[in-house]
Amino acid sequence: MKRALVTGGSGGIGAAICRRLAADGHHVIVHANRSRGKAEAIVGEIIAAGGSAEAVVFDVTERAATAAALEALLETGPIQIVVNNAGIHADAVFPGMSAEQWHSVIDVSLHGFFNVTQPLSLPMIRTRWGRIINISSVAAIAGNRGQVNYSAAKGALHAATKSLALEVANRGITVNAVAPGVIATEMSDGAFDAETIKKLVPMQRAGRPEEVADLVAFLASDKAAYISGQIISINGALI
Ligand code: NDP
């Protein structure tokens with residue numbers, strides 16, 4: 001049984017990824033920041049369904065706290081699947097964007113990726129098998145008004161995905177990014193109503209978190225061993 005850490009497992013897409021990886025037989029570490037209760041509820045669901053899971057809580061922007069939490073997890077063995085899914089948005093048109101909005105979004109998505117993935121990388125390399133999956137966004141591919149900070153953070157994640165994939169390719173480790181379009185979660189609920197989604201998305205609906213989770217689970221599987229350094233978008237033909 002492999003151990004999988006899903007950051008932001010307490011959120012909409014993260015929870016679906018946790019459930020799916022557990023259904024595939026992995027031990028899932030469901031991560032939360034503020035929503036410990038949600039992470040514990042998902043752990044309870046997974047265990048009730050016959051799976052294996054535990055919850056962990058830390059702020060991915062805090063390097064020392066993240067390192068301490070990961071060190072404790074590594075005491076019981078390596079983590080071979082890492083899904084960097086924690087993310088926030090703080091939208092504003094650029095002239096009105098505050099430094100706080102700029103830094104907070106980059107801190108969670110980009111520095112969070114570093115804080116979580118770097119300490120896990122050597123133990124993963126030693127096992128000669130690993131999967132690193134970074135959840136980005138179509139905003140990083142096509143751009144999006146009001147999201148200069150968010151698209152910059154996710155675009156940097158794309159570049160990091162490609163470079164890290166090269167570094168670890170001969171160690172049995174793949175590194176990919178999954179770039180969702182509009183997915184029905186709390187994050188997108190405030191941003192789009194059903195009518196807007198119908199006009200915006202050629203498939204005329206938001207994607208489901210489970211659809212993103214299916215893609216992530218495939219990338220995490222042995223079947224995806226030859227897919228690395230890729231940005232794979234799941235967006236209902238949006239771009
Ligand atoms: P949610 O808002 O539902 O979940 C966000 C998750 O990130 C939560 O689990 C939250 O933890 C966690 N998180 C936020 N800040 C921190 C932090 N400082 N440290 C640790 N964890 C943190 O979002 P979604 O499920 O919709 O999004 C998941 C990912 O998918 C994000 O990276 C997002 O950018 C991306 N995405 C989403 C799209 C959508 O349409 N929904 C479209 C494209 C990309 P907690 O609640 O415990 O604080």
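Contact here means heavy atoms within 4.5 Å, and buried means under 20% relative accessible area, with exposed over 50% and partly exposed in between (1.4 Å probe, protein chains only). Helices (H or I, at least four residues) and strands (E, at least two) are DSSP runs, numbered from the N terminus.

Before going on, please keep in mind that this is a predicted model, in which local features need pLDDT of at least 70 and side-chain atom pairs count only at pLDDT 80 or more, while totals for chains, interfaces and linings use all residues. Residues are numbered from 1 along each chain as its sequence is written, and side-chain values use heavy atoms, with hydrogens and water left out.

Back to helix 2. It runs over residues 36-48, has 13 residues and reaches 18 Å from its first C-alpha to its last, close to the expected 18 Å; that expected span is 1.5 Å times one less than the number of residues. Which residues of helix 2 are buried? They are Ala 39, Ile 42, Val 43 and Ile 46. Seen down the axis of helix 2, these buried residues fall within an arc of 100 degrees, so they line one face of the helix. The arc is that of the directions from the helix axis to the C-beta atoms. There is a simple pattern behind such faces: an α-helix has 3.6 residues a turn, so residues three or four places apart point the same way. On the face of helix 2 turned away from the buried side sit the exposed residues Gly 37 and Ala 48. Just after the helix, Gly 50 takes a positive phi of about 95 degrees.

Spanning residues 63-74, helix 3 has twelve residues and reaches 16 Å from first C-alpha to last, close to the 16 Å expected. Its residues Thr 66, Ala 69, Leu 70 and Leu 73 are buried. They cover an arc of only 95 degrees around the axis, which puts them on the same side of helix 3. Ala 64 and Glu 71, on the other side of helix 3, are exposed. The cover over the buried residues of helix 3 includes strand 1 (3-6), strand 2 (27-32), strand 3 (52-57) and helix 4 (99-127).

Now step back to the whole protein. Its secondary structure comes to nine helices and seven strands. The radius of gyration is 17 Å, close to the 18 Å that the globule rule gives for 239 residues, so the protein is as compact as a globular protein of that length. This radius is taken over C-alpha atoms, and the globule rule is 2.2 Å times the number of residues to the power 0.38. The C-alpha atoms fill a box of roughly 45 × 35 × 35 Å, taken along the principal axes. Of the 239 residues, 48% are buried. Among contacts between residues at least 6 apart in sequence, 73% join residues at least 24 apart.

What lies inside? In soluble globular proteins, nonpolar side chains tend to be buried together. A nonpolar core is a set of buried Ala, Val, Leu, Ile, Met, Phe, Trp, Tyr and Cys residues joined through side-chain atoms within 4.5 Å. The largest nonpolar core here has 32 residues, and those with the most contacts inside it include Ile 17, Leu 21, Val 28 and Val 178. Strand 1, helix 1, strand 2, helix 2, strand 4 (81-84), strand 5 (130-135) and helix 9 each supply at least two residues of this core. Apart from this core lies another, of 24 residues, among them Val 56, Phe 58, Ala 86 and Ala 165.

Two single residues are worth a visit. His 26 is found in the loop between helix 1 (12-23) and strand 2, and at 13% relative accessibility it counts as buried. Leaving out residues up to four places away in sequence, His 26 touches Met 1, Lys 2, Ala 4, Leu 21, Ser 52 and Ile 81. Ala 220 belongs to helix 9 (residues 209-220) and, at 1% relative accessibility, counts as buried. Beyond four places in sequence, the contacts of Ala 220 include Leu 21 and Ile 81.
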